[in-house]
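We will walk through it together, one region at a time.

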Amino acid sequence: MEHTGTLDSDEKDVYVFSLKRSGKVNIQLTTEGYVYYRAEISIYDASDERIKYYDIEKGSYNYSFELLAGSYKLVIDSVDNEYSFVPKFTPSGETKQESYMAKNNSTATATYYTLGKKVTGQLAMNDSMDIYKLNITKPGYVTIAISSYLNDYDISVINEYQNDPVYSVTELGAGSYKKSSFARKGIHYFIIQRDSYNTDSKYCGSYTFTITNTGIPTSKISKVTNSSSKAATVRWSTSSRVDGYQIQYSVTNTYKKGYYRTVTVRNKATAATVLRNLRKGATYYVRIRTFKRDSFDVAQWSAWSSSAKVRITK
């Protein structure tokens with residue numbers, strides 16, 4: 001629907017509107033002839049705070065406003081001539097709708113996120129940060145895949161105590177980005193934010209992301225042999241994404257407490273070790289697990305592998 005008006009250099013027209021959903025408001029504004037040098041088009045929120053303004057140019061131009069759901073005023077000021085405009089609204093498609101009065105920009109109001117789910121959000125001109133709460137159910141690698149129309153924005157993941165930044169990346173541009181980092185089990189927050197002082201349309205807009213959590217890479221026994229007298233050589237598969245391995249061996253396949261021993265290997269490239277002082281004639285069960293140290297330098301462990309066995313005949 002087209003709207004028209006005529007203004008002197010010291011007059012303004014105010015149009016009130018509401019958005020039930022967040023998204024982009026485009027105003028295609030056309031002026032006739034001369035335009036006063038102080039002519040402006042602005043958006044104000046319900047508390048009369050100006051969110052964004054543009055200087056009005058002579059002719060026909062499109063002025064774009066990224067906004068949350070809420071009540072607003074469009075103000076056209078000091079044109080000193082006739083004007084007309086056509087508004088257009090494009091919803092952001094946010095998975096969970098935000099409004100001017102209900103933002104998810106703190107850990108207390110964070111939107112709960114289910115791992116593996118694709119989510120769409122928006123950083124509007126009146127909203128510079130979104131925070132999502134996620135529960136990492138097992139220690140391992142957290143992978144974030146994000147695509148957006150934003151320029152110069154930051155992402156980070158922190159733990160629930162906000163003292164352990166799993167990782168952070170600054171000054172991302174429009175397009176797609178993917179990163180993995182190690183995180184311990186527990187509640188974490190994913191934060192996406194832009195410069196709160198820069199409301200240029202290219203620094204605002206919608207984004208989509210998916211977060212997945214894969215456990216610590218596991219290992220398995222590839223071979224165990226009675227290689228020498230009262231000794232066995234254990235070989236296993238290695239991984240570049242762990243810090244080391246722990247081998248456990250026992251004469252019982254239940255690894256009953258008091259009946260097993262462990263060997264810790266702190267070099268992730270090591271693929272074999274020798275178990276010594278074994279009992280001749282006994283059968284030993286052997287299993288392995290990996291570990292990765294978190295940002296607090298605490299070892300986080302994978303699950304145990306299935307067991308291999310060897311009979312000591314030498």
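What follows is a tour of a sheet, a few salt bridges, a well-covered strand and the spaces between the atoms.

A word on the ground rules comes before the tour. This is a predicted model, in which local features need pLDDT of at least 70 and side-chain atom pairs count only at pLDDT 80 or more, while totals for chains, interfaces and linings use all residues. Residues are numbered from 1 along each chain as its sequence is written, and side-chain values use heavy atoms, with hydrogens and water left out.

Let us start with an open sheet. Four strands build it in the order E2-E7-E4-E5, with antiparallel pairing. The strand labels are DSSP runs numbered from the N terminus (helices, H or I, need at least four residues and strands, E, at least two), and two strands pair if DSSP finds at least two bridges between them. Strand E2 (12-19) and E5 sit at the edges with a single partner strand each, so one side of each is left without a neighbour in the sheet. From one strand to the next, the twist averages 15°; the axes behind that angle are lines fitted to C-alpha atoms, for helices over the stretch in contact, and angles run from 0 to 180 degrees between N-to-C directions. Within the sheet, E2 and E7 are joined over eight bridges in the antiparallel sense. You can find Lys12 opposite Asp77 in E7.

Strand E7 also takes part in a side-chain contact. Asp48 forms a salt bridge with Lys73, and their closest N and O atoms are 2.4 Å apart. Here a salt bridge means a side-chain nitrogen of Lys or Arg within 4 Å of a carboxyl oxygen of Asp or Glu. Asp48 is in the loop between strand E4 (40-45) and strand E5 (50-55), whereas Lys73 is in strand E7 (residues 70-77), so the pair ties together parts that are 25 residues apart in sequence. Asp48 has 45% relative accessibility and counts as partly exposed, as does Lys73 at 24%. The cut-offs are under 20% relative accessible area for buried and over 50% for exposed, with partly exposed in between (1.4 Å probe, protein chains only).

How many salt bridges does a search of the whole structure find? It finds six. Another of them joins the side chains of Arg184 and Asp294, at 3.3 Å from N to O. Arg184 lies in the loop between strand E15 (175-183) and strand E16 (186-194), and Asp294 in the loop between strand E23 (283-293) and strand E24 (299-301), so this pair ties together parts that are 110 residues apart in sequence. Arg184 is partly exposed, at 25%, while Asp294 is buried, at 10%. Asp297 and Arg293 also meet in a salt bridge, with 3.9 Å from N to O. Asp297 is exposed at 52% relative accessibility, and Arg293 is partly exposed at 33%.

Strand E23 leads us to a partner strand. E20 and E23 pair in the antiparallel sense over seven bridges, and E20 pairs in that sense with strand E21 (residues 260-265) over six bridges. Ser250 has a bridge partner in each: Tyr285 in E23 and Tyr260 in E21. Is strand E20 (residues 244-250) mostly covered or mostly open, and how many of its residues are buried? It is mostly covered, with seven of its seven residues buried. Gly244, Gln246, Gln248 and Ser250 point one way, and Tyr245, Ile247 and Tyr249 the other way.

Now for the spaces. Rolling a probe the size of a water molecule over the atoms shows where empty space is left. On a 1 Å grid over the protein atoms alone, a cavity is a set of points where a 1.4 Å probe fits but cannot get out, and a pocket is an open set with protein on both sides within 12 Å along at least five of seven lines; lining residues have an atom within 4 Å of a point. Grid points are joined across faces, edges and corners, and a volume is the space filled by probe spheres set on the points.

The largest pocket holds about 190 Å³ of space. Of the 13 residues that line the largest pocket, Phe17, Leu19, Val25, Ile27 and Pro87 are the closest to its centre. By class, the lining of the largest pocket has ten nonpolar residues, two polar and one charged; Ala, Val, Leu, Ile, Met, Phe, Trp, Tyr, Cys and Pro count as nonpolar, Asp, Glu, Lys and Arg as charged, and the others, Gly among them, as polar.

The count of cavities of 30 Å³ or more comes to one, and the largest cavity has a volume of about 40 Å³. Strand E10 (residues 119-123) gives the most to the lining of the largest cavity, with three residues. That lining has two nonpolar, four polar and three charged residues.
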